[in-house]
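Keep the model open as you read.

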Amino acid sequence: MTQTQDSEVTALRAAVEAARAAPSIHNTQPWRWRISDGRTLDLYADRSRQLEVEDPDGRLLTESCGAALHHARLALTAAGWRIDVRRLPDQNQPDLLATITVTGRGESDEHARVLLDAASRRRTDRRPITDRPVDQAALDAIVAAVTAEDTRLYLLRRDQVVELAAAMAAAERTEVTEEAHRDEIARWVGGERRDATGIPAGAVPRHAPQTQVPGRYFGPPGTLPVDEGHDLAAVYGILHGDSDTPLAWVRAGEALSAGWLTATARDLSLLPISAVVEVVAARMALRRLLSGLGYPYLAVRIGYPDPDAPAPPATPRLTADQIIES
Ligand SMILES: Cc1cc2nc3c(=O)[nH]c(=O)nc-3n(C[C@H](O)[C@H](O)[C@H](O)COP(=O)(O)O)c2cc1C
């Protein structure tokens, strides 16, 4: 290997390290990476960590991998590498979701540096938010970040939030009554998570917070303290786009990451709400909310968390060695 390739491999490894922080459905971290030919990073879906009951189509798995792809892109462009990204590059290998090839050196991207810094602070915060109205400029920035990833974010009017709440309640009823679903949740949520995947009890609220849209079923209560606040100042939205294909889901995951990190950089919390796309009837209700203008990928809640409350604990991650294939 030449000296140049050596530094590219180091950069690609650093990109995988950064991508470990990405959010994923139930912290399944359903990704594997391979560094090939000294300058290319391949991202594969790891089906062994797919939620078979909740996510049989792999929509949320693919979105999670898209979020990791966006983190890896940020790490490389922040470090001044020029890159070429191909998504779903080989139709004979559907689990090869993307390849990132380093094509040369350029300027360090200041915007990427800001978002990468936010990635180390970003957490999923399921608690209520404060009454501070969400800044219009911040909302515009989040919408623009999502749009730049070929995805759209539709912000709901107050009367539409009621419809989202109804869709969520119906989705939860469907999922909770299914024993296989409850078993799957029990495998991924709660406890100490000794294998570095899943959501530890410390990140799950101690009791159901007051919210306009009900939270998802996570099994027994966790240990995260919850105050008496509400989320009446929250803005709810739906990530959506023109098709419901794996390519669109990869892009939606990149858009989720871009929007979420933009929110974090502006002291806002963004909470994904996925049960409404997991259950077919609820997904259809979301399509109607979008007036048939697109396919929903995820709902989100945006609001200001209490600046004086400590952040929820960091969730565990697999090591780089566990997710890089040789
Ligand atoms: C595609 C996707 C869907 C998610 N859906 C939900 C959800 O419905 N409810 C929730 O509380 N968290 C949801 N999350 C957040 C994950 O649980 C969270 O990212 C993971 O546990 C890791 O924790 P962290 O985000 O604090 O690093 C989702 C994340 C992703 C990427």
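Strand β6 (residues 235-241) is mostly covered: seven of its seven residues are buried. Buried means under 20% relative accessible area, exposed means over 50%, and partly exposed lies in between (1.4 Å probe, protein chains only). V235, G237, L239 and G241 point one way from β6. Y236, I238 and H240 point the other way. Strands here are DSSP runs of E with at least two residues, helices are runs of H or I with at least four, and both are numbered from the N terminus.

This is a predicted model: local features need pLDDT of at least 70, side-chain atom pairs count only at pLDDT 80 or more, and totals for chains, interfaces and linings use all residues. Residues are numbered from 1 along each chain as its sequence is written, and side-chain values use heavy atoms, leaving out hydrogens and water.

Which strands pair with β6? Strand β5 (residues 152-155) does, in the antiparallel sense, over four bridges. Two strands pair if DSSP finds at least two bridges between them. L153 has L239 of β6 as its bridge partner. Strand β8 also runs antiparallel to β6, and seven bridges join them.

R301 has a second contact. Its side chain meets that of D231 in a salt bridge (3.2 Å, N to O). D231 lies in the loop between α6 (179-188) and β6, and R301 in strand β8, so the pair ties together parts that are 70 residues apart in sequence. Both D231 and R301 are buried. A salt bridge is a side-chain nitrogen of Lys or Arg within 4 Å of a carboxyl oxygen of Asp or Glu. The structure holds 25 of them.

Another one joins R251 and E254, with the closest N and O atoms 2.9 Å apart. These two are three residues apart in helix α7 (residues 246-265), separated by about one helical turn.

Now turn to another sheet. Five strands form an open sheet of mixed pairing, in the order β3-β4-β2-β1-β9. β3 (81-87) and β9 (324-325) stand at the edges, each with a single partner strand, so one side of each is left without a neighbour in the sheet. Seven bridges join β3 to the antiparallel strand β4 (residues 96-105). In this pair, R86 has T99 of β4 as its bridge partner.
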